[in-house]
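Please open the structure in a viewer and keep the selection panel at hand. The stops below are meant to be followed in order.

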Amino acid sequence: MTYIDLIFLFGLFPVSAVLSLLDRSPEYKNMILIITSLIFFSWGRPVAICLIFLSLFIDWALGTAVEKMRDKSRISAVMLTAADALMNTVMLLVFGHNYLFDGTAFELSDAILPMGMGYYSLRGFSYVYDVYKGKIRAEKNVFCLMTYMVSFHFMCAGPLVRYGDMEGQIRKRELTTEKLNAGLNKMVWGMGKAVVLASVFEKIRDAGIGSSEITTLGCWLGMLGLFAQSYFMFTGLCDMSRGLSLISGFVLPVNYRDIDVDELFTGLVKSYNSTVISFFTDLTGISSTKSRVRTALGAVVCGLLMGLWYQVSPTCAAVGLAAGLLVGLEQLFLKDLLEKLPRAVKYIYLIIMSLLIFGGVNFRSFYGYRKWLMGLAGIGTDYTLSVSMRDAVLHNYVLIIIAFCVICTPVRKLITGKADKISAKNRRNYGMIRAVKTLGTVLVFVVSVLALGSAAAG
Amino acid sequence: MARSVFGRLKAEGERIALPNECEENDRAVRFLAKEMGVGHYDNINLLIMAVLFIFVAVAFLAVNGGKAGSSRMKAVTKESLMNGEFTTELEKSYLDQLPIPDEIKRANEVVSLLYGFGNKLTSTKHRSFSTGNDNSGTSQNVFDRDDDDKDHKENAVTMGTQTDENGNVMTTEEVVKTAPGGGTTAVARTDAAVNSSAAVSTQPGETTTTNNDAPVVTTTTTTVGRHARSETQSSTASTTESSVTTQEPIDISEPDVPTDTMEPVPSQPEPSDTEPQEPEITDPFADEPI
C-alpha cells in the first residue's frame, strides 16, 4: 500500500484519523496509529508483521544493551551496534529492492515487501546508532519505539526522522486546527504532484527513452522527464507524508529543499532526501571533519552507501560512486574553480552532470548507457523527434508549464511572494488570496481523485 | 525648588517620544481583527477540504458502482489472511465497486482537454480510447536491448481493428511489420533517412500506409476496444504520420464481423511504390553490444 492508493486515501487514512480523534491521550492515539500502520505495512504480505515484530524487538534489545555496555566496555558496544547494522542490512538485502540475483536460483524478488524497507531498516539502525553515540537514551517503553518504527507517516518517502526528534512528540502531542488545515493542504498538493504531474513526465519519459524508437530529442527529453517524474513523485510523497503527520499532530523535518545552483553538484545531491544524506554524512564522519581530503573520501563512501541504499544493484552502486566522486572532487578543488563562473554556466554544468551521472540509473548495462549517450549527441539516430514525444509534450503542455513554475525556484518565489504581499495589505486581500488558494486546493484534489479513480476503473 | 524639579522632569519627558495611545490602540484592534479574520478564512478552508475529503471517502466506501457481482468477497479464512489473498480481494472489491466509474473516466478525459493540444474525448459509441499517449505504462528499455535480438517488434506500425457504428469489430489487421525509418517519427533528420513504403490491398478502400511519402488519399484506421486508441488519418501526399499502437490482443470473436471490409495487410506489401528496405535502416544502433 502507498499513499496514492485509493484504499489508503479514502479508506484506511480517514478511519485512522477519525478513530484517533475519539480520545486525547497520546497512548490511545499511538495505539490507533500502530494498528493502522501495521495494516498499511503488511497489506498484501501479512507475513511482514512477523518481520516487524522481530526486527523491532532486536533493535529495542540491542539499544538497551548498547546503553548498558557503552560505559563499561566500548568494544562490546561497538560490536552490538555493528550487529544491529548487520541485521538491518540483511533485512534491506532480502526484503528491499534487491536485484542482485535476478535470473538466478537465488532470485529474491518474491521476498520483496511492498513498503519502504530502506527507510524502515535505516530507522532501526539510526536508533541504536544514536544510543551508541550517546545522543539519546535507550527507550524502555517498547510501544513508543514501535510507534516510531512503524508509523506510516514516514514509511513511503521518509523523512528519516531520528528517535531523539520524535520521542517528545510520541509521548505528548497536540492537534490544533492550524495543524489540521496545514496538513490537509499539504497532503492535497503533494497528491497533485505525485498523481498528476509525475504521470505527465512518466509519459514523456516513456515516449523518449521507453519507446521502440530512439531519437535525439527523445534521449534528452526522455531523461529529463525521468528526472522530473522522480522529483515530483518523491516530493509529492514527502509533502503527503508531512501533511499526514500534521493531521496526526506530528511535525516532521523537511526531506527536500530547493536547489541552490551556487552550491553546485554537492548542493544538488544534498537537496534530495536530505535527512538520509544527513544520516550518512554523520555515519561517515563528513559532518565533523574539517579536512578536505577526508571530506572527499567520506563523500565517495557516502555516495556508494546511498546508491546501494536506493537499490541493491550494480548500476545504482556505480551511479552512487560516480556522484560521490564528483562531490569529492568539488570539495577538493572543483568548487574553487567553478564558483567564479556565471550562474548560467553553473546551471548548464548541473544539468550536464546530472544527466551523465544519474542518467545511468535507467540502464542495466553500459551498452545501453552508451547508446543513450550517443543518442544525446545525435549519433546513430536518424530522427530528431518522434510523434509520440511530440504528442506527449503537446497534450500536456499546460501541466509542463505548471511543473516548471513549481520546480524553478525564482519563478515560484516570484508568484508566492506577490501573493504574500497582496495578502499582507489588508484583511480583504488576505481573504481573497485565501479563497484563491482554497479553490486551487479543491481543484487539485478533484483532478487527482479523478485521475486515481479513472486509473482504478481501468 | 519644586518648580525646578518639575521643570526638569517636564524637559526629560519631552525628550522621550511617547506614542499616541489612541492610534496605537486602533492599530492593535485592527491587528487583532485581522488575526481573527485570518483564522476565520483558514477555518473555512479547513471545513471545505474536510467535507470534500469525507464526502469522497464515504461515497467510495458506501456507494456501489455496480460491479459487485464480479468481485464478490470470499469468506475469510486463516489461509487467505496469511497469504495476503484476503487483503488483495478486499482491495479489488473496493476498486471494483467505485461509484460511477464510467463517469469518472469521462470526467478525467474532459479535464485532460485543458492540459494541452490534441487531447480528444473517447467516443462513447465506439468505446475506443484516443487521448492517451502511446507508451504510457511501457517498461521496455530499447537502449538495453541487444541489436541482434530480432524477435522484438520494433516499429510496429498498425495492429488493430475497425468497428462499425455499433461498435462491432469489423476486421483485424495483424500486421506487425518493420517500417523502414518509420514508426513514430515526425521530423526527419536527413533526406536519406526519409523512406517510404505503402501497402495497398487489392480491394478498394483498403489502404494502409506506413510511409512519409504517402499517396494522395491515405487512410489508416485503427480502432480498438476499451483500452486501446482510435486513430484516423486522411493525409495528402506531402505528409503522413505513421502510428504505433501498443495494445492488447484484439478480440476478433464477434459473431457479426463482416468479411467484406478490410482484410489483413500482407507483411510484404505488394504492390509498393518504393524499393524494399533493408532492415538495418530501421535499427539505428547496429553495432554489437559491449
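Please bear in mind throughout that the model is predicted.

**Stop 1: chain A as a whole**

The chain contains 19 helices and one strand. Its radius of gyration is 23 Å, close to the 23 Å that the globule rule gives for 458 residues, so chain A is as compact as a globular protein of that length. Along the principal axes, the C-alpha atoms of chain A occupy a box of roughly 65 × 55 × 50 Å. Of the 458 residues, 48% are buried. If one considers contacts between residues at least 6 apart in the sequence of chain A, 70% of them join residues at least 24 apart.

**Stop 2: a helix pair**

Next, select residues 74–95 of chain A, which form helix α4, together with residues 117–133 of chain A, which form helix α5. How do the two axes cross? They come within 9 Å of each other and cross at roughly 180°. Helices α4(A) and α5(A) are therefore roughly antiparallel to each other.

Now show the side chains at this contact. Coloured by class, the contact shows ten nonpolar, five polar and one charged residues.

**Stop 3: the nonpolar cores**

Which members of the largest nonpolar core touch the most other members? They are V128(A), A194(A) and F232(A), in a core of 119 residues. Helix α8 of chain A, residues 177–209, supplies the largest share of this core, with 15 residues.

Centre the view on F232(A). Leaving aside residues up to four places away in sequence, F232(A) touches K193(A), A194(A), L197(A), A198(A), F201(A) and A403(A). A second, separate core has eight residues, among them I214(A), C219(A), M223(A) and L226(A).

**Stop 4: chain B**

Finally, select chain B, which has six helices and seven strands. Following the sequence, the order of elements is α-α-α-α-α-β-β-β-β-β-β-β-α. Chain B has 290 residues, of which 24% count as buried. Among its contacts with a separation of 6 or more, 60% are between residues 24 or more positions apart.

Note on methods:
Residues are numbered from 1 along each chain as its sequence is written. Chains are lettered from A and ligands numbered from 1 in the order in which they are written. This is a predicted model: local features need pLDDT of at least 70, side-chain atom pairs count only at pLDDT 80 or more; totals for chains, interfaces and linings use all residues. Axes are lines fitted to C-alpha atoms, for helices over the stretch in contact, and angles run from 0 to 180 degrees between N-to-C directions. Helices (H or I, at least four residues) and strands (E, at least two) are DSSP runs, numbered from the N terminus. Angles under 35 degrees count as roughly parallel, over 145 as roughly antiparallel, 65 to 115 as roughly perpendicular and the rest as oblique. Ala, Val, Leu, Ile, Met, Phe, Trp, Tyr, Cys and Pro count as nonpolar, Asp, Glu, Lys and Arg as charged, and the others, Gly among them, as polar. A residue is buried if 20 or more other C-beta atoms lie within 10 Å of its own, exposed if 12 or fewer, and partly exposed in between; C-beta atoms are placed from the backbone. Two residues are in contact if their C-beta atoms, placed from the backbone, lie within 7 Å. A nonpolar core is a set of buried Ala, Val, Leu, Ile, Met, Phe, Trp, Tyr and Cys residues joined through C-beta atoms within 7 Å. The radius of gyration is taken over C-alpha atoms; the globule rule is 2.2 Å times the number of residues to the power 0.38.
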